[in-house]
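Work through the exercises below with the coordinates loaded. Each task is followed by its solution.

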Amino acid sequence: MLFTFIVSASLRNRVLVLAMALLVAGYGAVLLPRMPVDVFPDLNRPTVTLMTEAEGLAPEEVEQLVTFPLETAMNGMPGVTRVRSVSGVGLSIVYVEFAWGSDIWRNRQQAAERLSLVRDRLPAGTAPQMAPVSSIMGEIMLVGMTGSAPMELRDLADWTVRPRLLTIPGISQVIPIGGEVRQYRVVPELARMLALGVSSEQLTTALRQFGGNTGGGYVDQAGREYLIRNIGRTTRLEDLRNAVVDWRAGQPILLRQVAEVDFAARFRRGDAGLDGGPAVILSVQKQPGADTVALTHQVEQALAELQAAMPAGVRANRLQFRQADFIETSIGNVEQVLLEALVVVGLVLFAFLLNARTTAISLLAIPLSVLATALVFAALGLSINT
């Protein structure tokens with residue numbers, strides 16, 4: 001009876017049905033290219049990740065002094081369904097999972113409020129940080145950088161490529177892997193220190209005070225105020241070598257007189273390579289809900305712009321993994337199957353009905369249903385995924 005009523009009402013209101021079909025088709029055709037495309041939907045609940053470095057602490061101490069207080073503080077928040085953690089050597093990671101459908105930004109605000117209450121109970125020097133918002137399938141690209149020494153590659157990755165990629169809307173994190181992280185290395189010469197009467201405390205104090213700007217108020221001259229500044233911030237190695245450690249008979253004792261100063265690589269606990277040589281790999285991660293394909297094209301455009309400014313011989317756009325390839329292949333397969341199905345269904349319908357008009361009308365249901373599905377997906381906030 002219901003089916004008969006629908007068919008009869010549609011026949012009586014042909015113009016209205018046609019107008020509605022055209023409206024659905026037109027609006028669906030506009031929305032379909034703009035819908036986010038991904039490999040999988042979000043498979044995990046909204047999660048806030050807390051990471052805390054506690055240098056020098058064993059896993060048992062990290063668990064008792066850092067992880068347990070954080071878990072206790074997070075367990076009582078509204079909407080929390082599960083709190084789990086991992087405690088390692090000098091590192092604590094706490095995962096706070098919230099109910100499905102909750103707002104991740106509100107969840108992070110709640111976690112930040114609880115963190116402000118628990119920080120005083122943590123060991124000195126520990127500062128919990130919230131990891132960026134990312135998806136469980138958030139790694140969309142792996143970009144290789146080659147063509148120079150490991151330290152120079154890591155400098156370019158940390159201070160040139162990474163900041164540029166983070167400016168792209170939808171990118172949650174860019175993690176450099178491999179290379180050598182540049183740092184100052186000061187090797188005290190104990191014999192020289194003893195001869196000049198310089199203690200290790202004086203050496204440590206001089207290093208802590210190096211490279212800081214200080215203010216000296218202002219001076220009033222001719223009715224104008226001039227700011228007084230002591231500019232000490234620098235990255236030149238020679239300035240560090242000439243830092244004053246102590247004074248003897250009105251003469252300064254410089255750091256280069258009691259220690260060897262140069263650049264060196266931070267101790268590495270991992271490495272990366274490409275084609276059998278040293279390299280830096282950049283892991284590009286996206287925010288939940290971002291369009292993977294569109295975001296990949298933006299990253300590739302940014303990498304092309306950066307490549308033009310790279311030093312001679314350095315390549316910063318060697319793609320080792322591209323999630324969009326899988327998505328584009330999947331979408332291409334679906335499009336091919338739809339076209340083949342359209343042809344097969346058309347032949348079968350015509351063979352049984354022997355009426356071209358009825359076959360054409362029936363075939364219109366396939367694209368119309370696809371476009372209507374696009375409207376439903378857009379209304380529910382869903383993405384097109386495999």
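A pocket is defined on a 1 Å grid over the protein atoms alone, as an open set of points where a 1.4 Å probe fits, with protein on both sides within 12 Å along at least five of seven lines; lining residues have an atom within 4 Å of a point. Grid points are joined across faces, edges and corners, and a volume is the space filled by probe spheres set on the points. The model is predicted: local features need pLDDT of at least 70, side-chain atom pairs count only at pLDDT 80 or more, and totals for chains, interfaces and linings use all residues. Residues are numbered from 1 along each chain as its sequence is written, and side-chain values use heavy atoms, with hydrogens and water left out.

**Exercise 1.** Describe the largest pocket and its lining.

Step 1. The volume is about 1400 Å³.
Step 2. The lining has 37 residues, of which Glu53, Arg154, Ile175, Pro176 and Arg266 are closest to the centre.
Step 3. Sorted by class, there are 15 nonpolar, 11 polar and 11 charged lining residues. Here Ala, Val, Leu, Ile, Met, Phe, Trp, Tyr, Cys and Pro count as nonpolar, Asp, Glu, Lys and Arg as charged, and the others, Gly among them, as polar.
Step 4. Strand S7 contributes the most, six residues. Helices (H or I, at least four residues) and strands (E, at least two) are DSSP runs, numbered from the N terminus.

**Exercise 2.** Is asparagine 385 buried, partly exposed or exposed?

Step 1. Asparagine 385 belongs to strand S18 (residues 384-385).
Step 2. Buried means under 20% relative accessible area, exposed over 50%, partly exposed in between (1.4 Å probe, protein chains only).
Step 3. Asparagine 385 has 30% relative accessibility, so it is partly exposed.
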